[in-house]
Amino acid sequence: MFDAAVFGSLFLTLFVIMDPPGITPIFLALTAGRPAKVQKRMAFQAVCVAFGVIAVFGVLGHQILDYLHVSVPALMIAGGLLLLLIALDLLTGKTDEPKQTKDVNVALVPLGMPLLAGPGAIVSVILAVQKAGSVATQVSVWSAIVAIHVVLWLVMRYSLVIIRVIKDGGVVLVTRLAGMMLSAIAVQQIINGVTQVIQGA
């Protein structure tokens, strides 16, 4: 009742797209100046928001897209372009970290969405759920979705410890590597979207 290949494939895809190591410095910047207890609560809230958005699109993705008259290839191309912009920022070190404000719950926006539950993750989940034809595959898909959110929560909750371990240089290295992998995924996503449009025509 479990497909390890499907689980591993989707987990790795979401890991690269949602980038737990890369979200660490952004999370710290957004929650700077708040007590540790508040930071931990915001980490949990951000993951809950991201999981809620991902779950809704996983279950009702096609219905939502049909209602908005948006095709999956169009969403793939748009998501790919947005991911490419993010990837280029990661590669060049020009990421514009939103400044935290005391009056706004940054765990909801921008952390939960669109930083975690962005178009790339949404499209990946919609396609994975669509391809899952058996109960075992569905279980594997949703297990991967839950697993990546658990990882995200752990990384953000213990981000202060992680920063002390890998230091600023380690964060920069991981961010650059994630940017390179993300750019490749973005380009492939655009190619897949364009290919589907051509095949559909």
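## Helix 2

In this predicted model, helix 2 is mostly covered, with eight of its 11 residues buried. The buried positions of helix 2 are Pro20, Gly22, Ile23, Thr24, Ile26, Phe27, Leu28 and Leu30.

## Helix 1 and its ends

Helix 1 covers residues 4–18. Buried residues in helix 1 are Leu10, Phe11, Leu14, Val16, Ile17 and Met18.

At the N-terminal end, helix 1 is capped by aspartate 3, which has a side-chain oxygen 3.1 Å from the backbone nitrogen of alanine 5. Just after helix 1, aspartate 19 adopts a positive phi of about 50°.

## The largest nonpolar core

The largest nonpolar core contains 50 residues, and Leu14, Leu116 and Met156 have the most contacts inside it. At least two residues of this core come from each of helix 1, helix 2 (20–30), helix 3 (36–67), helix 4, helix 5 (107–116), helix 6 (119–131), helix 7 (135–157) and helix 8 (159–200). Helix 3 provides the largest share, 10 residues. In soluble globular proteins, nonpolar side chains tend to be buried together.

Leucine 14, one of the residues with the most contacts inside the core, is also buried in helix 1. Setting aside residues up to four places away in sequence, leucine 14 touches Asp19, Ala121, Ser124, Val125, Ile145 and Ile148. Among these partners is Asp19, the residue with the positive phi just after helix 1.

## Histidine 149

Histidine 149 belongs to helix 7. Its relative accessible area is 3%, and because buried means under 20%, histidine 149 counts as buried.

When neighbours within four places in sequence are left aside, histidine 149 is in contact with Met18, Val47, Ala50, Phe51 and Ile54. Of these, Met18 is a buried residue of helix 1.

## Isoleucine 86

Isoleucine 86 is located in helix 4, which comprises residues 72–92.

The C-alpha atom of isoleucine 86 is separated by 7.6 Å from that of glycine 179, although the two residues are 93 residues apart along the chain.

Technical notes. Residues numbered from 1 in each chain as written. Predicted model: local features only at pLDDT ≥ 70, side-chain atom pairs only at ≥ 80, totals over all residues. Heavy atoms only, no water. Helix = DSSP H or I, 4+ residues; strand = E, 2+ residues; numbered from the N terminus. Expected span 1.5 Å × (residues − 1). Buried < 20%, exposed > 50% of the residue type's maximum accessible area, 1.4 Å probe, protein only. Polar contact = N/O pair within 3.5 Å; in protein donor to acceptor, adjacent residues only side chain to side chain. Core = buried A, V, L, I, M, F, W, Y, C linked by side-chain atoms within 4.5 Å. Contact = heavy atoms within 4.5 Å.
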